[in-house]
Amino acid sequence: MRLLERIGLPLLKSFDPETAHGLSIRALNMGLAGGAGPVTSDRLRTDVAGLTLPNPVGLAAGFDKNAQAVAPLSRTGFGFLEVGAATPRPQPGNPKPRLFRLTEDQAAINRFGFNNDGMDAIGDRLAAAPRDIPLGLNLGANKDSADRAADFATVLRRCAADVDFATVNVSSPNTEKLRDLQGRAALSALLAGVMEARADHSSCKVFLKIAPDLTDDELAEIAEVALDAGIDAIIATNTTLSRDGLRSAHKGEMGGLSGQPVFEKSTRVLAQLSRLTGGKLPLIGVGGVGSAEQAYAKIKAGASAVQLYTAMVYAGVGLAGDIARGLDQLLQQDGHATVADAIGAGRDAWL
């Protein structure tokens with residue numbers, strides 16, 4: 001699988017990024033990525049928020065926006081998948097071009113704006129998708145919605161029966177004023193509505209995805225609200241608006257920055273959130289994960305699991321299995337019998 005990817009990746013990079021992404025989804029559905037299933041071992045197998053993961057390396061939302069490649073992705077080595085974001089009604093998103101490779105920085109900038117087929121089409125695909133590994137859906141709000149907070153509950157009601165977890169995404173920078181929903185009052189009301197919508201599907205876990213560009217006070221508020229709301233986990237973090245230290249010609253493009261430049265910032269937020277929540281809430285670390293060492297660093301900073309996306313642009317979907325196998329070795333070298341043994345072991349280094 002890795003050899004085929006090494007041959008195909010240069011070809012994909014000859015296309016504009018959004019076209020290349022569409023071709024990668026097609027390649028997956030044609031079986032070109034191969035894979036026999038999740039990488040797993042006694043050390044890697046872990047529980048997060050009541051979900052049993054064969055390994056703690058997951059796919060972040062945004063890669064398979066419309067749940068079109070769940071089956072092949074579940075065979076590429078991942079321990080869990082998150083698709084979406086889905087909004088109540090289909091929407092085209094922002095004008096193209098809206099995705100940019102920052103090759104020199106091993107990063108990407110996107111300003112998609114929640115382009116997706118809508119909850120009904122995505123929900124039908126989720127209902128038909130195999131769930132050999134835990135499957136989640138990122139919830140979004142329509143750009144022109146009169147009540148964006150209600151949109152999250154609407155999508156959850158439609159799709160909760162066919163996913164293992166749903167992520168409240170109030171941290172995308174590409175829908176105007178969406179991040180305003182991270183404030184205490186707005187977030188409390190939004191989560192209350194989502195938890196009420198989840199009442200008939202209690203097996204569906206509710207996660208919250210936050211931005212990396214929060215002040216210490218804002219992060220403390222979010223931790224308090226999340227604990228009070230009774231959600232099941234926090235995903236830290238989404239893309240950043242920061243452009244510090246970038247070299248690429250595309251560094252001035254508007255949108256959210258992901259990839260290697262986000263690693264340190266997102267990991268510091270993760271560690272701080274781990275301190276604030278005191279182990280009462282599982283955390284999933286996202287942002288700049290491109291190696292087993294970086295996945296391990298997130299876990300030692302306080303994450304129970306990690307997710308990746310942008311690194312696959314440069315290394316292919318087989319990277320997930322490579323990271324899981326490397327993580328297994330790192331855990332063994334440090335004498336950890338399980339992933340849980342390593343959670344937070346190096347948190348203080350990031351505070």
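Buried, for a residue, means under 20% relative accessible area, exposed means over 50%, and partly exposed is anything in between (1.4 Å probe, protein chains only). Keep that handy for this tour of the salt bridges, meaning a side-chain nitrogen of Lys or Arg within 4 Å of a carboxyl oxygen of Asp or Glu. The structure holds 16 of them.

This is a predicted model, so local features need pLDDT of at least 70 and side-chain atom pairs count only at pLDDT 80 or more, while totals for chains, interfaces and linings use all residues. Residues are numbered from 1 along each chain as its sequence is written, and side-chain values use heavy atoms, with hydrogens and water left out.

**A buried pair**
- Glu18 and Arg98 join their side chains in a salt bridge, at 2.8 Å from N to O.
- This pair ties together distant parts of the chain, 80 residues apart: Glu18 sits in helix H2 (residues 17-29), and Arg98 in the loop between strand S4 (80-86) and strand S5 (99-102).
- Helices (H or I, at least four residues) and strands (E, at least two) are DSSP runs, numbered from the N terminus.
- Both Glu18 and Arg98 are buried.

**Partly exposed pairs**
- Asp117 pairs up with Arg125 in a salt bridge, with the closest N and O atoms 3.0 Å apart.
- Asp117 is partly exposed at 30% relative accessible area, and Arg125 is partly exposed at 28%.
- Asp322 and Arg325 form another salt bridge, their closest N and O atoms being 3.1 Å apart.
- These two, Asp322 and Arg325, lie 3 residues apart in helix H11 (residues 319-333), so about one helical turn separates them.
- Asp322 is partly exposed at 29% relative accessibility, and Arg325 is partly exposed at 42%.
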